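Trainee: I am new to this structure and would like a close look at one part of it. Please take me through the charged side chains and what surrounds them.

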Amino acid sequence: MAMAFKMATTGMWVTDECKNSFMEMKWKKVHRYIVFKIDEKSRLVTVDKVGGPGESYGDLAASLPDDDCRYAVFDFDFVTVDNCRKSKIFFIAWSPTASRIRAKMLYATSKDGLRRALDGISYEVQATDPTEMGFDVIQDRAK
C-alpha cells in the first residue's frame with residue numbers, strides 16, 4: 001500500500017507518488033513540471049499530470065483547468081548574467097476565478113502542507129488568471 005504524509009492542519013494527505021515525482025524532477029530532471037490535485041472524497045493530494053523534460057512552461061500553463069484549482073511545480077532552467085546555468089523550482093498555486101469557493105478554500109488551506117512535503121522549492125507564485133503566472137513573471141522572479 002502506498003504511504004502518504006498527512007497535513008495536520010487540513011486532514012489532507014500527500015501521496016508518496018507526489019513526493020517521488022518531485023524528487024525525480026529535482027534530482028534526475030525527468031520531468032519539467034508536475035501538476036497536483038486534491039481528491040475531495042479521499043482527501044489525498046495526487047499527481048494529476050507530469051510534463052516531460054522537453055515540455056515548456058507554456059505546456060504547463062495550457063494544462064491547468066479554467067474552472068478548477070491545482071498546484072504545480074515547474075523546473076525553470078536559465079543562464080545568469082555571468083553565464084552560469086541555473087535551475088530554480090517554482091511552486092504555483094492555481095486558483096482561477098471560475099473555480100468553486102469550496103475548492104479555493106480547500107486549496108488555500110492545504111498549500112503549506114504540500115510545500116513542506118516538497119523540499120527544494122525556490123519561489124512561489126499564486127495566480128487566479130494566466131497573466132499572474134506568465135512566463136515573464138517566472139523570469140523576473142528567478143533573477
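Trainee: Let me start with one residue. Does Glu-124 count as buried or exposed?

Mentor: Glu-124 counts as buried, because its relative accessibility is 17% and the cut-off for buried is under 20%. Keep in mind that this is a predicted model.

Now look at the partner. The side chain of Glu-124 meets the side chain of Arg-115 in a salt bridge, at 2.6 Å from N to O. Arg-115 is partly exposed, with a relative accessible area of 26%.

The structure holds ten salt bridges. Some of them form a network, which links Lys-37, Asp-48, Asp-68 and Arg-70.

Take Asp-48 next. Asp-48 sits in strand β4, which runs over residues 44–51. Its relative accessible area is 31%, so Asp-48 is partly exposed. Two salt bridges of Asp-48 deserve a look, one with Lys-37 and one with Arg-70.

Start with Lys-37. Its side chain meets that of Asp-48 in a salt bridge of 3.8 Å, N to O. This pair links distant parts of the chain: Lys-37 belongs to strand β3 and Asp-48 to strand β4, and eleven residues separate them. Lys-37 has 30% relative accessibility, so Lys-37 counts as partly exposed.

Now turn to Arg-70. The side chains of Arg-70 and Asp-48 form a salt bridge of 2.9 Å, N to O. Distant parts of the chain are linked here too: Arg-70 is in strand β5, Asp-48 is in strand β4, and they are 22 residues apart. The side chains of Asp-48 and Arg-70 also make a polar contact, at 2.9 Å. Arg-70 is buried, because its relative accessible area is 10%.

What else does Asp-48 touch? Set aside the neighbours within four places in sequence, and Asp-48 is in contact with Val-35, Phe-36, Lys-37 and Arg-70. Phe-91 gives a sense of scale. Asp-48 and Phe-91 are 43 residues apart in sequence and 15 Å apart in space, C-alpha to C-alpha.

Lys-26 tells another story. It lies in helix α1, residues 16–28. Lys-26 is buried, yet it has no salt bridge. Its nearest side chain of opposite charge belongs to Asp-119, 4.2 Å away. The backbone of Asp-119 is another matter: the side chain of Lys-26 reaches its backbone oxygen at 2.8 Å. Beyond residues up to four places away in sequence, Lys-26 touches Ile-89, Asp-119 and Gly-120.

Follow the chain to Lys-29. Lys-29 lies in the loop between α1 and β3, the strand of residues 33–39. Lys-29 is not a glycine, yet its phi is positive, about 60 degrees. Most residues other than glycine have a negative phi. Its relative accessible area is 37%, so Lys-29 is partly exposed.

Asn-83 also has a positive phi, near 65 degrees, and is a residue other than glycine. Asn-83 is found in the loop between β5 and β6. Its relative accessibility is 64%, so Asn-83 counts as exposed.

β5 (70–79), β6 (85–94) and α4 (135–142) each supply at least two residues of its lining. β5 gives the largest share, three residues. The pocket holds about 180 Å³ of space.

Go back to the network to finish. Lys-37, Asp-48, Asp-68 and Arg-70 are its members. On your screen, find Asp-48 in strand β4. From there, trace its side chain to Lys-37 and then to Arg-70.

Conventions: Residues are numbered from 1 along each chain as its sequence is written. This is a predicted model: local features need pLDDT of at least 70, side-chain atom pairs count only at pLDDT 80 or more; totals for chains, interfaces and linings use all residues. Side-chain values use heavy atoms; hydrogens and water are left out. Helices (H or I, at least four residues) and strands (E, at least two) are DSSP runs, numbered from the N terminus. Buried means under 20% relative accessible area, exposed over 50%, partly exposed in between (1.4 Å probe, protein chains only). Contact means heavy atoms within 4.5 Å. A polar contact is a pair of N or O atoms within 3.5 Å; within protein, one must be able to donate a hydrogen and the other to accept it, and residues adjacent in sequence count only if both atoms are side-chain atoms. Lys and Arg count as positive and Asp and Glu as negative; His and the chain ends are not counted. A salt bridge is a side-chain nitrogen of Lys or Arg within 4 Å of a carboxyl oxygen of Asp or Glu. On a 1 Å grid over the protein atoms alone, a cavity is a set of points where a 1.4 Å probe fits but cannot get out, and a pocket is an open set with protein on both sides within 12 Å along at least five of seven lines; lining residues have an atom within 4 Å of a point. Grid points are joined across faces, edges and corners, and a volume is the space filled by probe spheres set on the points.
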